[in-house]
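Please examine the structure below before reading the notes.

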Amino acid sequence: MDFRDLGLGPEILKAVEEAGYSQPTPIQQQAIPVVLMGRDVLGCAQTGTGKTASFTLPMIEILAAGRAKARMPRSLILCPTRELAAQVADNFDKYGKHHRLTKALIIGGESMGDQMSLLDRGVDVLIATPGRLLDMFDRGRILLTDVKVLVIDEADRMLDMGFIPDVQRIVSLLPKIRQTLFFSATMGPEIRRLADDFLMNPKEITVSREATTATTVEQFLAIVDEIDKRETLRHIIRVENVKNAFVFCNRKRDVTVLYRSLAKHGFDVVQLHGDMAQPARMEALGKFKSGEARLMVCSDVAARGIDIQAVSHVFNFDVPIHAEDYVHRIGRTGRAGLTGRAFTIATPQDGKHVAAIEQLIGTPIPRMDVEGLPALELEMEPRRRRGRAKEERPGRRARQEAEPRAEAVREAPRAEAPHAEAPVREERRAEAPAREGRRGEQGGRGGEGRRRRGRVDELGIGEMMHADDVVGFGDHVPDFIQRAISRPQPRSARDDDQEE
Ligand code: AMP
């Protein structure tokens, strides 16, 4: 099928051609004619399927006729994160370049004054995150009674982030007669209920998971002790031919810790998470996109929807708690027909989460050995109390004494070039003496932080799993912390990545 068969006008066809697209993607083929007819759409599709163009292209066509009035946008696109909103705005610029449509990006973390003056001039398209939009509304800076087309993008992520009450309030401020396009990567019962509330007789379009997720991504799972995760990550990065990579952590605070650690070890790295100020986020994104930084350590929410075509690797520094996040994460690589490699670093205690992922993707993730580390198995039952678990598994220090550590990761089956084997081996050899030297000198893992740890070890406090300049309890976790860790946390408390 050709873009010309979808009912789009010549200006848009020209913009699409200039964007280099030869064929519409499946979601574009199905959604564009339906949107042009004025029907509601319930789209089940992930980022990477071309879903943004599936609603922006027909919206531009629809909005081309008519003019915006001051403070009364004619269409509204709600996005869960600032990055996603900024990306949708970029799409409007790209596809709408032969039209004279105006847009405003209303997101937190940026000057309200500039956004207000844009609104005052009148905009055709308002692209917003829910919190900032309501803020503007409550200040009387915006009227939503002229919105004819509403898009809710990544509804499942809105739900995860607790934005649904805001979205419901925004929808209640819109005219009842409007066209609504609702997209979600997953369609659980809650999302369906919302869709029923917001949509009228929608055309349901599902782009199948098989078609959208990464058949072009090779996946690997390394099972190591918590304490070995950072070193494992560093080695995989070194031995793989990483052009650029996302490194995912489950929590914002771990993003910063890992970012600092990687920077300290000489990697060119940036971080992205929801607590960063908007200019810092944009700067990090810019550096990563331009190739100035090879690695981006990030949280799920911050990285959601970031569209960078050629990412060679994805690293899951933590196994995602929600299986569907795994699919989103590894979908960052292997896009647009390119191949990619995704490495997940699990601890034995991640057994249940790995099992859920494997059930969702319908296949086991191939295991890889990590040289110098024992082959660990995933545990399906939560660990019993400390004393018992320690008897069953020798501690790290005992293991190190028993089997001296060789500092390389082996046996992730190599892809053909560019992941060629010979240079990897070379690098391993080159690195080995330096590390051996450090270990000999300090009886442990190298660096200034380790020297301090050596002192701590002398005192019998043990190993740590924190930033190199932070002292922790290692295996000697006091009882009160133990209790706090084992208490299950509600989802909202755990997903502390809200972006507004
Ligand atoms: P999305 O799913 O909207 O995040 O889009 C993912 C990527 O696919 C973006 O970089 C788009 O520029 C690109 N894209 C969208 N439509 C097409 C198409 N028909 N052909 C090739 N690439 C496309």
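Which residue in strand 4 is the bridge partner of Leu 76? The partner is Leu 126. The model is a predicted one, and the points below are grouped by topic.

- Seven strands make up an open sheet with parallel pairing, and their order is 3-4-2-5-6-1-7.
- Strand 3 (103-106) and strand 7 (203-206) are the edge strands, each of them pairing on one side only.
- On average, neighbouring strands of this sheet are turned by 10° against each other, direction ignored.
- Strand 2 (residues 75-78) and strand 4 (residues 125-128) run parallel and are joined by four bridges; the partners Leu 76 and Leu 126 belong to this pairing.
- In general, strands of a sheet pair through backbone hydrogen bonds, in either a parallel or an antiparallel manner.

**Helix 9 and the sheet**

- Helix 9 lies across strand 1 (41-44), strand 5 (149-152), strand 6 and strand 7.
- The helix runs at about 170° to strand 6.

**Aromatic pairs**

- A pair of aromatic rings is described by the distance of the centres and the angle of the planes.
- The count of aromatic pairs comes to seven.
- One of them is formed by Phe 182 and Phe 198, which are tilted, with 6.3 Å from centre to centre and 55° between the planes.
- This pair links distant parts of the chain, as Phe 182 belongs to strand 6 (residues 179-184) and Phe 198 to helix 9 (residues 189-198), 16 residues apart.
- Both Phe 182 and Phe 198 are buried.
- Phe 315 and Phe 343 form a stacked pair, at 5.8 Å centre to centre and with 25° between the planes.
- Phe 315 lies in strand 12 (residues 313-316) and Phe 343 in strand 13 (residues 340-346), so their pair ties together parts that are 28 residues apart in sequence.
- Phe 315 counts as buried because its relative accessibility is 0%, where the cut-off for buried is under 20%.
- Phe 343 has a relative accessible area of 1% and is therefore buried by that cut-off.

- Which ring does the charged end of Lys 229 sit over? The charged end is placed over the ring of Phe 317, at 4.8 Å from the centre of that ring.

Methods. Residues are numbered from 1 along each chain as its sequence is written. This is a predicted model: local features need pLDDT of at least 70, side-chain atom pairs count only at pLDDT 80 or more; totals for chains, interfaces and linings use all residues. Side-chain values use heavy atoms; hydrogens and water are left out. Rings of Phe, Tyr and Trp (its six-membered ring) pair if their centres lie within 6.5 Å; planes under 30 degrees apart count as stacked, over 60 as edge-to-face and the rest as tilted. Helices (H or I, at least four residues) and strands (E, at least two) are DSSP runs, numbered from the N terminus. Buried means under 20% relative accessible area, exposed over 50%, partly exposed in between (1.4 Å probe, protein chains only). A charge sits over a ring if NZ of Lys or CZ of Arg is within 6 Å of the ring centre and within 35 degrees of the ring normal. Two strands pair if DSSP finds at least two bridges between them. Axes are lines fitted to C-alpha atoms, for helices over the stretch in contact, and angles run from 0 to 180 degrees between N-to-C directions. Contact means heavy atoms within 4.5 Å.
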